[in-house]
Amino acid sequence: MIARMTLATAARVLTQLRHDPRTVALMIVVPSVLMTMLRYVFDSKIVFSHIAPALLGFFPFLLMFLVTVITTLRERSSGTLERLLTTPMGKLDLLAGYALAFSAVAVVQVALAVTVSTWLGMELVGAMWSLLLVALLDALFGVALGLFASAFARTEFQAVQFMPVIVLPQLLVCGLFIPRDRMADALRYFSDVMPLSYAVQALQHVTDSASLDVNYVRGVLVLAGTAILSLVLAAATLQRKTA
């Protein structure tokens, strides 16, 4: 990897985003708006404190996945990716640049969503930085997974179709609706291999305890590992020529 090329790619993507205020609003403002709506839908700080940690992991993951997969697909369909890959730039340089750019946006997104949620009444026993770390890693996992999924889509409609295949199953078994240990055996085993489950577990631990136990550390490692793995797989499946 060449740092100069990675940074140049990240700067180009951020410049494009700066000229697309609707996408920026989608990534940064929408999670906080949704958390605010949920606080008053339930109209209970106790209920909100129970579900907010899981949603702080899900919303950034969902939005960063969708924006990344669609943006990367547009770059491919316009021929931008193909032109860039004819230069000495490597695949990992290119994808790391995209990941770095969207990660910068994710930092702002997650920080705002967590700040709004705590202001709305979400109880936080642990340190704020530990909550921000997991939520940010969850957003980065969405970015890396979006880069990987974009290799298998030819149109934006196909890209959106990945959401019910990749995103929604993780939401159903992550422990938001029912504790994972109360699920049917098959679903519990499926939940055990889904990264979002570990993110939710770590976030819930931070809101309930001031200590960082093995569940928190495991959640951080799983998210970081799956994000790196998704980025490597994206580089392996990225084609130099547009199909």
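## Packing around phenylalanine 102 and other contacts

Apart from neighbours within four places in sequence, phenylalanine 102 is in contact with Val13, Leu17, Met27, Met64, Val67, Thr68, Thr71 and Val143; contact means heavy atoms within 4.5 Å. The model is predicted, so local features need pLDDT of at least 70 and side-chain atom pairs count only at pLDDT 80 or more, whereas totals for chains, interfaces and linings use all residues. Residues are numbered from 1 along each chain as its sequence is written, and side-chain values use heavy atoms, with hydrogens and water left out.

Phe102, together with Val134 and Leu147, touches the most other members of the largest nonpolar core, which has 70 residues. A nonpolar core is a set of buried Ala, Val, Leu, Ile, Met, Phe, Trp, Tyr and Cys residues joined through side-chain atoms within 4.5 Å. The most residues in this core, 17, come from helix H4 (residues 45-77). Helices are DSSP runs (H or I) of at least four residues, numbered from the N terminus.

Leucine 203 belongs to helix H10 (residues 195-208). Is leucine 203 buried or partly exposed? Leucine 203 counts as buried because its relative accessibility is 0%; buried means under 20% relative accessible area, exposed over 50%, and partly exposed in between, with a 1.4 Å probe and protein chains only. Beyond its neighbours within four places in sequence, leucine 203 is in contact with Pro53, Leu56, Gly57, Leu131, Val134 and Ala135.

Three aromatic pairs are found in a search of the whole structure. Rings of Phe, Tyr and Trp (its six-membered ring) pair if their centres lie within 6.5 Å; planes under 30 degrees apart count as stacked, over 60 as edge-to-face and the rest as tilted. Two of these pairs are tabulated below.

| Pair | Centre to centre | Angle between planes | Class |
|---|---|---|---|
| Phenylalanine 58 and phenylalanine 59 | 5.9 Å | 50° | tilted |
| Phenylalanine 148 and phenylalanine 152 | 5.2 Å | 85° | edge-to-face |

Phenylalanine 58 is buried, at 6% relative accessible area, and phenylalanine 59 is buried at 12%. Phenylalanine 148 counts as partly exposed at 22% relative accessibility, as does phenylalanine 152 at 46%.

The axes of helix H2 (residues 21-28) and helix H3 (residues 30-42) come within 4 Å and cross at roughly 45°. Axes are lines fitted to C-alpha atoms, for helices over the stretch in contact, and angles run from 0 to 180 degrees between N-to-C directions. Ala25, Leu26, Met27 and Ile28 of H2 make the contact with Val30, Pro31 and Ser32 of H3.

Conventions:
Helix = DSSP H or I, 4+ residues; strand = E, 2+ residues; numbered from the N terminus.
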